[in-house]
Amino acid sequence: MTLKIGKIETLLHEKLKESGALHFTLVDPEDMIEDPENLKNVIKTAEKSGTDAFMVGGSLGIAHSDSFKVMKLIKENSSLPLIIFPGNVDGVLKSADAIFFMSLLNSRNPYWISGAQALGAPLIRRMGLEAIPMAYIIIEPGGSVSFIGDAKPIPRDKPDIAAAYALAGEFLGMRLIYLEAGSGARAPVPDEIVGMVRKAASVPVIVGGGIKTAEVAAQKVAAGASVIVTGTLIEEAKDLGEKLGALIKAVKEEGKKKVKNE
Ligand code: 1GP
C-alpha cells in the first residue's frame, strides 16, 4: 500500500517549493456572513493580492448554514483551493476541496485530540473530502480557541516545549504543524518558537494569530514559517487591498530568499 497524498496537499507542496512561503486567508463565518457583498469583495481582493488558499472556520457561534453560504461564495468568486479549518465536527461540509484534519495536541480534553476526529472521519470519507493531517498547537495567549479547546497553551518563553509537541506531531504522522496564537491575539507566535519548531520538524510550519502587518509576516517567514494565515485583517476591511497586498508581497519576498538559499 502506498501513502496517498491528495490533490490539494500536492498542489500546496508544489507552490511552496516554487515560492518558498505561502499566505492563506481565513474566513470566519461568524464575522463575515452578515454582509455577503462585502465578503465577495474581500474574496476577490484577497485573490488579487496573491493569497494562495482560503480557509473557512472558527471556534464560536458558527451555524452550519453560514459555513455553507460562505463556502459557496468563495467557490463562486475564486478559483483558489478552499480548505476547511474545523472548529468542531459540524464544520465538515462537502463544499470544500479539502479539510485540515487537525488534532489539538496540547488540549487537556481528549475530545479535541481524537474524539471529534473520530466523529468527523466517517463523514469526511463519505463526502470524499481530502483530509490533510495537521498538528494544531496553541501558544499563549491562545484566545477563544484556547479556552474552547481546553488547551494548556504553551508559554511564550518556552520554545523547547513547542518544538517537542511539533516533533511529536510529526512522529504521529501529521504532515503540517500549525502554531496558533489565537485569532486577534495581541501578540503573534514569537520568532524563537517558530525558529525552534522549524528546526525540530521537517514538515511545513503554518503560523497564525495576531499577524496584521507586512513586517511581522516577513519576520515569521524569516524565522521559519512556510505559511502565514491572516483572518482578522480581512474583517477590518479598511484599505484591505493595500494592507493585504503589502503583507502577501512581504511573505513572498521573504519566501524567495529561502528558495534562493536552498
Ligand atoms: C486564527 O490563526 C488564525 O485561527 C488567524 O488569526 O484572526 O489573528 O489573523 P487572526
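Trainee: Which polar backbone atom sits 2.7 Å from an oxygen atom of the ligand?
Mentor: One that belongs to Gly-231. A polar contact here is a pair of N or O atoms within 3.5 Å; within protein, one must be able to donate a hydrogen and the other to accept it, and residues adjacent in sequence count only if both atoms are side-chain atoms. Keep in mind that this is a predicted model, where local features need pLDDT of at least 70, side-chain atom pairs count only at pLDDT 80 or more, and totals for chains, interfaces and linings use all residues. Residues are numbered from 1 along each chain as its sequence is written, and side-chain values use heavy atoms, with hydrogens and water left out.

Trainee: What about side chains, say Glu-180 and Ser-183? How far is an N or O atom there from an oxygen atom of the ligand?
Mentor: For Glu-180 the distance is 2.5 Å. For Ser-183 it is 2.6 Å.

Trainee: How much of the ligand's accessible area does the protein cover?
Mentor: 96% of the 310 Å² that the ligand has on its own. Accessible areas come from the Shrake-Rupley method with a 1.4 Å probe; for residues, only the protein chains shown count as cover.

Trainee: And how many residues are around the ligand?
Mentor: 13, with a heavy atom within 4 Å as the cut-off. Glu-180, Ser-183, Gly-184, Gly-231 and Thr-232 come nearest.

Trainee: New topic. How many helices and strands does the protein have?
Mentor: 11 helices and 8 strands. These are DSSP runs, numbered from the N terminus: helices are H or I with at least four residues, strands are E with at least two.

Trainee: What holds the largest nonpolar core?
Mentor: It has 55 residues. Val-27, Ile-177, Leu-179 and Val-207 have the most contacts inside it. Helix H11, residues 240-261, gives the most to this core, with 5 residues. Another core lies apart from it, with 26 residues, among them Ala-98, Val-145, Tyr-178 and Val-227.

Trainee: What counts as a nonpolar core, and as buried?
Mentor: A core is a set of buried Ala, Val, Leu, Ile, Met, Phe, Trp, Tyr and Cys residues joined through side-chain atoms within 4.5 Å. Buried means under 20% relative accessible area, exposed over 50%, partly exposed in between, with a 1.4 Å probe and protein chains only.

Trainee: What share of the protein's residues is buried?
Mentor: 52% of the 262 residues.

Trainee: Back to Ile-177. Which residues is it in contact with, leaving aside neighbours within four places in sequence?
Mentor: Among them are Ala-135, Ile-137, Ala-166 and Glu-170. The list also includes Val-197 and Ile-206. Contact means heavy atoms within 4.5 Å.

Trainee: What is phi at Asp-150?
Mentor: Near 50°, a positive value in a residue other than glycine. Asp-150 is in the loop between H6 and helix H7 (159-171).

Trainee: And Asp-239? Where is it found?
Mentor: In the loop between helix H10 (232-235) and H11. Asp-239 counts as partly exposed because its relative accessibility is 42%.

Trainee: Last one. How far apart are Lys-17 and Gly-255?
Mentor: 238 residues in sequence, and 9.6 Å in space, C-alpha to C-alpha. Lys-17 is in helix H1, residues 7-19.
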